[in-house]
Amino acid sequence: MSPADIDEELVEAAKAGSTGAFARLVDRHQQALRAFLRRTCGDWAQADDLAQEAFLEAWSKIGRLQSGASVRAWLCGIGYNKHLTALRSRGRDRAREAAYEAEKPPSSGAMTDERLTLEAALSELPADQRACVALCLAADFSHAEAAEALGLPLGTVKSHVTRGRTRLLEVLGGSDGGR
Amino acid sequence: MADADDRLKALFAEDEPPARDAVFSAAVMAEVVRRRFIVDMALLATVATASGFLLWALWPSIAPAVATLSQALAPVGACLTLAAAAVLLLDRGVIPLGGRNHG
């Protein structure tokens with residue numbers, strides 16, 4: 001049985017009210033969702049809070065998940081909307097968001113200099129571009145899957161990924177390789 | 001090109017959470033169960049309140065019928081209760097059936 005089939009079976013059981021099935025979905029997708037949110041918002045504690053809220057919303061809305069849809073993309077989409085809502089509720093414009101990112105204490109875990117540089121470069125990217133980079137470059141999402149998750153046109157996702165990748169490699173001192 | 005992508009991927013991998021995190025999953029499920037309990041309680045309270053109001057509103061008209069029916073059905077109700085109790089006790093083996101082989 002493929003992972004997608006297992007997800008499908010668990011989703012059907014969760015739709016029928018099985019908390020056990022939903023717990024297995026949480027186990028299977030917590031890593032992908034938390035990693036995506038950590039890369040998108042940069043703050044690990046906040047990312048985990050958003051991931052928890054996203055799972056709670058997923059539980060209440062699982063009846064709306066269409067058969068055959070990617071659970072991973074659906075969860076990341078919910079998480080991304082939570083992140084955008086959190087950003088808006090802070091009432092900051094992009095410049096102030098950037099200031100917040102810069103002032104933020106470092107996330108848990110020791111970071112290499114290169115990782116810190118990457119983190120700084122990521123924080124300068126616009127939210128949509130950053131999310132596209134987090135999904136397509138870090139988490140092996142296809143462009144189509146990222147477009148579905150983020151609710152963006154496919155062409156926009158492709159251009160965000162290309163620009164984001166170029167910017168990150170530029171900051172890290174690497175070559176773009178003409179991609 | 002592949003090297004650059006591998007390098008980026010390796011850097012991104014540094015903030016990867018563990019594949020299994022029992023603490024995180026338990027926290028999520030505890031909140032799911034708590035919310036479900038609150039929703040169930042709210043639903044039960046709503047149904048109970050609505051039923052109470054309905055009964056209160058209809059009581060003057062149904063009270064005579066209930067009084068009449070309760071007198072007429074009292075013997076039937078008592079017989080059914082006794083029969084149900086007997087079936088339950090026999091089924092659970094509290095009262096052994098004569099000649100029954102329990103294996």
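Analyst: A definition to begin with: axes are lines fitted to C-alpha atoms, for helices over the stretch in contact, and angles run from 0 to 180 degrees between N-to-C directions. This is a predicted model, where local features need pLDDT of at least 70, side-chain atom pairs count only at pLDDT 80 or more, and totals for chains, interfaces and linings use all residues. Residues are numbered from 1 along each chain as its sequence is written, while chains are lettered from A and ligands numbered from 1 in the order in which they are written.

User: At what angle do H4 and H8 of chain A pack?
Analyst: About 45 degrees, with their axes 7 Å apart. H4(A) covers residues 71-89 and H8(A) covers residues 143-150. Helices (H or I, at least four residues) and strands (E, at least two) are DSSP runs, numbered from the N terminus.

User: What do you call that arrangement of H4(A) and H8(A)?
Analyst: H4(A) and H8(A) are therefore oblique. Angles under 35 degrees count as roughly parallel, over 145 as roughly antiparallel, 65 to 115 as roughly perpendicular and the rest as oblique.

User: Which residues make the contact?
Analyst: H4(A) brings Ala73(A), Cys76(A), Gly77(A) and Tyr80(A). H8(A) brings Glu145(A), Glu148(A), Ala149(A) and Leu150(A). Two residues are in contact if their C-beta atoms, placed from the backbone, lie within 7 Å.

User: And how many of them are nonpolar, polar or charged?
Analyst: Five are nonpolar, one is polar and two are charged. Ala, Val, Leu, Ile, Met, Phe, Trp, Tyr, Cys and Pro count as nonpolar, Asp, Glu, Lys and Arg as charged, and the others, Gly among them, as polar.

User: New topic. How many helices and strands are in chain A?
Analyst: Nine helices and zero strands.

User: How far apart are the axes of H3(A) and H2(B)?
Analyst: 10 Å, at an angle of about 40 degrees. H3(A) and H2(B) are therefore oblique too.

User: Which residues meet there, between H3(A) and H2(B)?
Analyst: From H3(A), they include Phe55(A), Leu56(A) and Trp59(A). From H2(B), they include Phe24(B), Val28(B) and Arg35(B). The contact of H3(A) with H2(B) has seven nonpolar, one polar and three charged residues.
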